[in-house]
Amino acid sequence: MTLISRYISEDYIIVAADKRVTSFDKVERNAISVDSAQKVFLGENYCIAIQGAARTTKSNYALRIKEFVNKNKKVSPPQLIENILSEFEDASTDLDVDELNLIISGSDKGRLFSFFVDVKNSDAKESTEDEMGLRFNAAASSDDMLFRQAKIFIHQFFQAKKLLSGFKLDDLSQFDFSDIVDAFKSMYTRFGQNDDRYPYISEKFELYVIHKGGKIRKIL
């Protein structure tokens with residue numbers, strides 16, 4: 001499992017992805033994991049994070065995403081989503097793809113945007129209804145177990161640092177940017193150290209921030 005995380009506020013977007021890639025040795029019948037994968041690809045005013053079947057016998061989707069971003073350095077949301085769905089239409093018939101999801105985030109004309117794209121089912125959703133502005137892979141609400149667990153780890157970080165007033169965590173905008181980044185660090189560490197439940201999520205990850213003006217900075 002890959003863990004792609006995204007938080008969108010009024011002024012910036014945080015996008016993070018763990019670096020683990022896992023392959024299965026059919027002879028030895030075991031899983032081999034390496035923490036070196038690139039899962040976030042940067043354009044000039046946006047980035048695309050990939051989760052799911054990044055590579056199959058039919059196609060290397062991660063490489064194709066990288067090439068797409070290299071050819072389309074600067075984009076606007078409506079046309080971008082149309083182009084993505086058209087470019088990866090073949091994934092819908094790839095039998096080796098159970099799921100192939102993209103989180104596309106950026107800034108266009110001073111406005112932040114973020115979309116979740118289910119490539120397998122040719123579907124795209126804007127982030128306007130994501131709980132607390134958060135998304136973890138396909139999960140955007142506490143109805144999903146992965147979302148609940150990620151939120152628990154973040155909540156426990158703020159509690160331990162005595163930064164949380166009250167018992168509930170229902171808004172991240174009350175926290176400083178640096179504290180939110182540290183909460184993401186803690187979350188990835190907790191997932192990565194909980195190997196029994198989440199063996200395919202690494203504590204090694206990359207994190208970027210996108211500002212309203214379009215500037216993208218790598219933080220980790």
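# Close-up views of a predicted model

**View 1. Serine 105 sits in strand β7 (residues 100-108).** Strands (E, at least two residues) and helices (H or I, at least four) are DSSP runs, numbered from the N terminus. This is a predicted model, so local features need pLDDT of at least 70 and side-chain atom pairs pLDDT 80 or more, while totals for chains, interfaces and linings use all residues. Residues are numbered from 1 along each chain as its sequence is written, and side-chain values use heavy atoms, leaving out hydrogens and water. Serine 105 counts as buried because its relative accessibility is 0% (buried is under 20% relative accessible area, exposed over 50%, partly exposed in between; 1.4 Å probe, protein chains only). Its side chain meets that of serine 114 in a polar contact of 2.8 Å (N or O atoms within 3.5 Å, one able to donate a hydrogen and the other to accept it; residues adjacent in sequence count only if both atoms are side-chain atoms). Skipping residues up to four places away in sequence, serine 105 also touches several others, among them Arg6, Tyr46, Cys47 and Ile210 (contact means heavy atoms within 4.5 Å).

**View 2. Serine 107 is another residue of strand β7.** With a relative accessible area of 4%, serine 107 is buried. Here the side chain reaches the backbone oxygen of lysine 212, at 2.2 Å. Beyond four places in sequence, the contacts of serine 107 include Asn45, Phe113, His211 and Gly214.

View 3. Histidine 211 is partly exposed, at 25% relative accessibility. Leaving out neighbours within four places in sequence, histidine 211 is in contact with Asp11, Tyr12, Ser107, Leu112 and Arg217. Phenylalanine 184 is 27 residues away along the chain, and its C-alpha atom is 18 Å from that of histidine 211.

**View 4. Here is the largest nonpolar core, with 32 residues.** Such a core joins buried Ala, Val, Leu, Ile, Met, Phe, Trp, Tyr and Cys through side-chain atoms within 4.5 Å. Phe136, Ile154, Phe158, Leu172, Phe184, Met187 and Phe191 touch the most other members. At least two residues of this core come from each of β2 (12-18), β10 (134-136), α3 (145-160), α4 (177-193) and β11 (205-211). Zoom in on methionine 187: apart from neighbours within four places in sequence, its contacts are Leu3, Ser5, Phe136, Ala150, Phe153 and Ile154. There's also a second, separate core of 24 residues, with Ile50, Ala62, Ala91 and Leu100 among them.

**View 5. Arginine 111 and glutamate 126 form a salt bridge, with their closest N and O atoms 2.9 Å apart.** A salt bridge puts a side-chain nitrogen of Lys or Arg within 4 Å of a carboxyl oxygen of Asp or Glu, and the count comes to 8. This pair links distant parts of the chain, 15 residues apart: arginine 111 is in strand β8 (residues 111-118) and glutamate 126 in strand β9 (residues 123-126). Arginine 111 is partly exposed at 45%, and glutamate 126 is partly exposed at 31%.

**View 6. Arg6, Asp130 and Arg135 are linked in a network of salt bridges.** Arginine 135 meets aspartate 130 at 3.2 Å, N to O. Arginine 135 is buried, at 5% relative accessibility, and aspartate 130 is buried at 10%.

**View 7. Lysine 151 pairs with glutamate 131 in a salt bridge, the closest N and O atoms being 3.3 Å apart.** Lysine 151 belongs to helix α3, while glutamate 131 is in the loop between β9 and β10, 20 residues apart. Lysine 151 counts as buried at 19% relative accessibility, whereas glutamate 131 is partly exposed at 23%.
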